[in-house]
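Q: Hey, I'm new to this one. Can you walk me through it?
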Amino acid sequence: MGSNSSRIGDLPKNEYLKKLSGTESVSENDPFWNQLLSFSFPAPTSSTELKLLEEATISVCRSLVENNPRTGNLGALIKVFLSRTKELKLSAECQNHIFIWQTHNALFIICCLLKVFICEMSEEELQLHFTYEEKSPGSYSSDSEDLLEELLCCLMQLITDIPLLDITYEISVEAVSTMVVFLSCQLFHKEVLRQSISHKYLMRGRCLPYTSKLVKTLLYNFIRQEKPPPPGAHVFPQQSDGGGLLYGLASGVATGLWTVFTLGGVGSKAAAAPEVSSPLANQSLLLLLVLANLTDAADAPNPYRQAIMSFKNTQDSSPFPSSISHAFQINFNSLYMALCEQQTSDQATLLLYTLLHQNSNIRTYMLARTDMENLVLPILEILYHVEERNSHHVYMALIVLLILTEDDGFNRSIHEVMLKNITWYSERVLTEISLGSLLILVVIRTIQYNMTRTRDKYLHTNCLAALANMSAQFRSLHQYAAQRIISLFSLLSKKHNKVLEQATQSLRGSLSSSDVPLPDYAQDLNVIEEVIRMMLEIINSCLTNSLHHNPNLVYALLYKRDLFEQFRTHPSFQDIMQNIDLVITFFSSRLLQAGAELSVERVLEIIKQGVVALPKDRLKKFPELKFKYVEEEQPEEFFIPYVWSLVYNSAVGLYWNPQDIQLFTMDSD
């Protein structure tokens with residue numbers, strides 16, 4: 001860049017970058033590396049900064065792609081970095097700012113170069129670039145064949161072993177980001193990669209022993225949510241006289257160091273605060289999700305997924321089964337609190353889903369918590385603001401609820417937790433409501449939104465499954481929750497009548513015009529009748545199992561009893577309507593005997609008295625409603641593109657040109 005450069009546009013002409021990417025080999029022992037790596041360049045944090053940087057340096061990177069087979073300069077740079085990392089832990093303990101600063105810069109350059117290499121060539125070609133040396137054009141050395149594996153192992157060691165201090169924060173973030181970049185070849189393939197060189201290195205050989213330690217460290221990075229140090233904390237502060245070692249290096253024209261290009265660095269105007277409060281936590285979570293969703297090898301399961309499936313609480317002293325090879329322990333309370341606090345992001349909800357679905361230790365622990373509202377309320381808020389969320393985030397939140405409602409203890413306990421003043425629920429002022437009733441309200445609202453907007457059968461099915469799982473345990477339903485259950489049934493009834501009328505008119509029209517293709521009203525009718533039956537089963541389950549706990553639901557049934565009249569003789573609903581019809585008839589008779597002009601309080605009193613008098617043996621028993629979440633076949637076809645879309649949109653310090661992405665469709669900026 002030259003000591004007088006200060007603009008991104010000057011980067012392609014920088015003499016040190018030109019030498020790195022040029023036709024001349026640079027030995028790993030050359031003083032050039034100290035000069036190249038002594039720049040004050042805080043890693044860009046916004047996509048705008050990263051895009052500008054990539055556009056300015058792409059010509060340099062491509063030049064290195066062309067010349068590296070003859071020079072081996074990429075391998076030399078990596079060896080310089082590897083040699084420095086051996087002293088990194090000691091440097092952190094000794095507060096050697098300059099050494100850590102230069103090592104970070106080496107990794108930053110490696111990460112930028114790798115991103116371009118991975119985008120522009122196959123993995124086999126990339127692997128070959130790691131073997132080139134300066135001996136002769138196109139030659140490679142047998143003893144450097146595993147330089148790529150050595151770099152990956154080094155990154156894993158750096159992430160897991162280097163203490164997290166102000167001076168090591170940036171290099172820790174960069175190490176995690178570089179591992180994400182290593183795995184980013186998936187972005188440039190339309191199909192899910194089932195065999196990959198980077199996967200091979202991570203799943204066997206020298207990297208494998210670091211599996212559990214890496215997963216544990218990434219989880220703790222997420223838990224701790226460590227914020228980055230203030231600008232300048234990673235380098236030597238200037239002395240009062242404007243001197244100091246760093247200042248002398250940066251300002252000495254004779255040294256020719258690449259130091260004056262800054263983005264919000266020391267002495268420059270403070271950059272805008274990044275949207276992500278903890279870049280390390282964010283990047284660590286993304287890397288963890290990428291690793292957890294790698295496809296299994298042909299001869300071995302994904303070890304990172306195994307580690308996630310099997311880790312235990314630090315308070316659990318029972319031995320691990322001998323069959324578990326990547327076991328570790330972590331503080332479940334800290335993890336639970338972090339998950340509760342971070343549910344506004346897709347990736348935190350996806351982690352919650354992954355842990356609940358795959359780790360029985362975590363699931364058991366969470367279901368035993370007495371403060372489940374701290375976890376459930378953020379999930380309900382995601383569903384409540386469905387219009388503002390992407391569909392994947394909504395699905396994950398809904399599946400989390402479905403998994404939780406598989407447990408009867410959860411379904412009972414949520415009706416015992418009383419909440420006050422739910423400010424984000426705007427349809428009605430809820431001064432006091434149970435967590436169970438609020439959950440019912442939000443799920444019903446999601447169903448109604450889906451009916452009018454997205455019309456996604458999968459969303460309907462999961463919402464109704466969660467309500468069905470809860471229905472036998474409904475307790476003391478809030479009057480508004482009871483009303484909304486019946487209102488949803490009313491909406492479905494109107495929808496059913498409308499589709500039935502359309503089908504009838506269409507059939508009449510077809511008699512006069514045989515050329516016009518008919519809409520498939522039969523299929524629409526079948527779907528709506530399936531949903532209506534499910535709602536009737538939910539109402540029936542509540543009446544059969546907990547009638548005496550839910551006078552408000554009986555009140556809502558009686559108030560809207562005309563809705564159910566048309567379904568009494570319908571062949572699809574006749575059986576399930578028996579109990580509902582019995583309850584309506586029984587309580588209607590008691591209200592009739594009590595006289596006219598009854599107040600709401602008097603009606604509820606009559607219902608509570610009638611519950612005791614209603615013979616329970618007259619209610620027909622149906623099989624218990626229980627739905628269990630089952631992952632689709634080949635779940636990687638959904639989860640891998642989803643995870644990489646999160647990486648693409650959320651990663652701090654990484655930018656990919658949308659035109660290069662193959663895995664999913666991206667709009668260009």
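This is a predicted model: local features need pLDDT of at least 70, side-chain atom pairs count only at pLDDT 80 or more; totals for chains, interfaces and linings use all residues.

Q: Okay, and where does Ser-196 sit in the chain?
A: Ser-196 is in the loop between helix 9 (169–182) and helix 10 (197–203).

Q: How far apart are the C-alpha atoms of Ser-196 and Cys-185?
A: They are separated by 8.7 Å. Along the chain, Ser-196 and Cys-185 are eleven residues apart.

Q: Switching to helices. How many residues of helix 11 are buried?
A: Eleven of its 14 residues, so helix 11 is mostly covered, with buried meaning under 20% relative accessible area. Among them are Thr-211, Leu-214, Val-215, Tyr-220 and Phe-222.

Q: What span should helix 11 have, and what is the distance between its ends?
A: Helix 11 covers residues 211–224, and at 1.5 Å a residue its 14 residues should span 20 Å. The end C-alpha atoms are 20 Å apart, which agrees.

Q: What follows helix 11?
A: Gln-225 does, and its phi is positive, near 50°. Gln-225 is a residue other than glycine. Most residues other than glycine have a negative phi.

Q: Is Gln-225 buried or exposed?
A: Gln-225 is buried, with a relative accessible area of 17%. It lies in the loop between helix 11 and helix 12 (245–251).

Q: And what about the phi of Asn-421?
A: Asn-421 has a positive phi of about 50°, and it is not a glycine. You'll find Asn-421 in the loop between strand 3 (418–420) and strand 4 (432–434).

Q: Buried or exposed, for Asn-421?
A: Asn-421 is exposed, with a relative accessible area of 52%.

Q: Back to helices. How many residues of helix 19 are buried?
A: Twelve of the 14 are buried, so helix 19 is largely enclosed by the rest of the structure. The buried ones include His-393, Tyr-395, Met-396, Ala-397 and Leu-404.

Q: What about the span of helix 19?
A: Helix 19 runs over residues 391–404, and at 1.5 Å a residue it should span 20 Å. Its end C-alpha atoms are 20 Å apart, which agrees.

Q: Now rings. How many aromatic pairs does a search of the whole structure find?
A: The search finds 19 aromatic pairs. One of them is Tyr-16 with Phe-32, a tilted pair at 6.3 Å centre to centre, with 35° between the planes. That pair links distant parts of the chain: Tyr-16 is in helix 1 (residues 15–21) and Phe-32 in helix 2 (residues 32–36), 16 residues apart.

Q: Why do Tyr-16 and Phe-32 count as buried?
A: Tyr-16 has 7% relative accessibility, so it counts as buried. Phe-32 counts as buried because its value is 2%.

Q: Which residues do ring pairs link into a cluster with Tyr-353?
A: The cluster also takes in Tyr-629, Phe-638, Phe-639 and Tyr-642.

Q: How do helix 16 and helix 28 cross?
A: Their axes come within 10 Å and cross at roughly 150°. Helix 16 and helix 28 are therefore roughly antiparallel to each other. Their crossing is left-handed.

Q: And helix 13 with helix 28, how do they cross?
A: The axes of helix 13 (residues 279–292) and helix 28 come within 9 Å and cross at roughly 160°. That makes helix 13 roughly antiparallel to helix 28. This crossing of helix 13 and helix 28 is left-handed.

Q: Last topic: charges over rings. What sits over the ring of Phe-99?
A: The charged end of Arg-84 does, 5.2 Å from the ring centre.

Q: What about Lys-200, what does it lie over?
A: Lys-200 lies over the face of Tyr-201, at 5.2 Å from the ring centre.

Technical notes. Residues are numbered from 1 along each chain as its sequence is written. Side-chain values use heavy atoms; hydrogens and water are left out. Helices (H or I, at least four residues) and strands (E, at least two) are DSSP runs, numbered from the N terminus. The expected span of a helix is 1.5 Å times one less than its number of residues. Buried means under 20% relative accessible area, exposed over 50%, partly exposed in between (1.4 Å probe, protein chains only). Rings of Phe, Tyr and Trp (its six-membered ring) pair if their centres lie within 6.5 Å; planes under 30 degrees apart count as stacked, over 60 as edge-to-face and the rest as tilted. A charge sits over a ring if NZ of Lys or CZ of Arg is within 6 Å of the ring centre and within 35 degrees of the ring normal. Axes are lines fitted to C-alpha atoms, for helices over the stretch in contact, and angles run from 0 to 180 degrees between N-to-C directions. Angles under 35 degrees count as roughly parallel, over 145 as roughly antiparallel, 65 to 115 as roughly perpendicular and the rest as oblique. A crossing is left-handed if the near helix is turned anticlockwise from the far one by less than a right angle, and right-handed if clockwise.
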